Amino acid sequence: MIKKIIVLSMIIIILISIPGFANNNHLNKNYQVNPGYFIKGEPAPMGISDLGLDSGSPFYLNTSSFMGSITIYNATFYNYTSKSTSFSIQLNTNFFIFGNKTYDYWIQDVAYINTTDNCIAFIDNVWNYSSSNASLHFNSLSGNGTIADHGRFYYYCAPQDFPGNNIDLKYPARISLMVNDTEINNKPAVNFYYFDSNSWVKYDTVIFNENGSYHFMVNGYNYNPAGLLSDAELIIGGPGNGSSTVDLSSNILLSLYYWNGNNYQEINNAYDYGVDTAETVSNVTDTGVYNANGSLFAHITSGSGRLKMIYNSNDVGYINLYSGIKTGIININGKSYGFKNGDANITLIPGKYNITIRSDNNIIYSKTIIIKSNSASVIALNYYRVSFVSSNLTNDVNWYIIINGNRYNLTGANAYIYLKNGTYNYRIGSYNNYFIPVTKNGTFNVTGNNITIDLVWKNQTPGFNILYIPIVIVLIALVLILSRKRKRVT
């Protein structure tokens, strides 16, 4: 316990990330950024990043949230100067507020790992990128943390007793970092999350004292006001304060996602290095790899590497779902993607996939499809919710409905399924002899909207039934016969 408390205190001292160096010599190009201006090779921030460039062509990406997924099978890092065995994993993004003035805040959600004992702790940083010499005034923002170094940066360490913080990881370890925007008291804000145990933990919320619209942005056309890139990075580097480390041995997978309005989608264009942070690593080989479920990763191993694009939009394919389903889950060769608002867009490596779509535990689509590179496979499902609201039925009763010959097993007074447009004949039955439907069959139409069907049930509480009379007579006769035999014996 003493060791871990010391680790946390050291984080406050040394895990302060420094923005990458920039001057104004490169700003004469305002139509496309040049990441090669900032960094030529290792040591570098290595991992996976969206720099706003697709095979050299610039683009914009606006989103309300970024998420980084990390799987560590083994990791040994070492800095020969400081004798440190620690490294950091950083989710770095640019948060813009558009009002009377444009504000750009550099957002960092960071995991700090000591590879001697695999102890992990979490910290966040906020920097002001609104100009080349911008700082943070003490009324610029508020959160759980502190504005330090005369307004140079904001930082906060997750509390020691928070779930999953300041623990020794067991490999393989699965870690996730996430930032999303929100609004508190009519002010823009950013939530910081981590996941490394059983649930997401929100450990800080930073509220900005500005007014205007806001979002995270990747911009390959222009540099940000501080002369750096507006990118999104999930990178590995030194533990802080501009430090560098050496990868002695590693096997780490990194994936970077953005929220597209309906689901978290893997980035379409990925480089193996970041630009905006000064923490670096050397002796890293960073390659693009793909899972059987189509997932895209940056694969970190030790060895000599080079800075490069690991995949772009020409290398990947997409699933575009359009449906009337409010919320659901797409399962692709065993990996699940949650979505809402009826639609979903998923980035995959080209291949053959078994697709299953569920909503409320009902399978509404199942098919094997082929995903081709640089193209989308469209799944259009015009399904609508058909709700069955039952009176005189308790929530523990199992019943069924047969619709156009297909049986659906349902439970309780409020149940539902999803159907396409059409005319449907139905018949209702119960698996419980004490509840029977008053109206056993009928017809309904689905015409582009969710519908509700009211059902009435009758509760047959067990009681005396006229059919029981013959049985009762037989039982009485047996009792009389047995009583007479006993008298004779006596």
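Residues are numbered from 1 along each chain as its sequence is written. In this predicted model, local features need pLDDT of at least 70 and side-chain atom pairs count only at pLDDT 80 or more, while totals for chains, interfaces and linings use all residues, and side-chain values use heavy atoms, leaving out hydrogens and water.

Let's start with Thr245, which lies in strand 18 (residues 244-259); strands are DSSP runs (E, at least two residues), numbered from the N terminus. A polar atom of the Thr245 side chain is 3.3 Å from the backbone nitrogen of Tyr78. Beyond its neighbours within four places in sequence, Thr245 is in contact (heavy atoms within 4.5 Å) with residues including Phe77, Tyr78, Gly237 and Val281.

| Residue | Relative accessible area |
|---|---|
| Thr245 | 1%, buried |
| Cys119 | 0%, buried |
| Cys157 | 14%, buried |

Counting a disulfide as a pair of cysteine sulfur atoms within 2.5 Å, the model has zero disulfides.

Now for the core, a set of buried Ala, Val, Leu, Ile, Met, Phe, Trp, Tyr and Cys residues joined through side-chain atoms within 4.5 Å. The largest nonpolar core has 84 residues, and Ile48, Phe66, Ile107 and Phe208 touch the most other members. Strand 7 (residues 102-114) gives the most to this core, with seven residues. Not counting residues up to four places away in sequence, Ile48 touches several residues, among them Leu234, Leu254, Ile267 and Ile310.

Definitions and conventions:
Helix = DSSP H or I, 4+ residues; strand = E, 2+ residues; numbered from the N terminus. Buried < 20%, exposed > 50% of the residue type's maximum accessible area, 1.4 Å probe, protein only. Polar contact = N/O pair within 3.5 Å; in protein donor to acceptor, adjacent residues only side chain to side chain.
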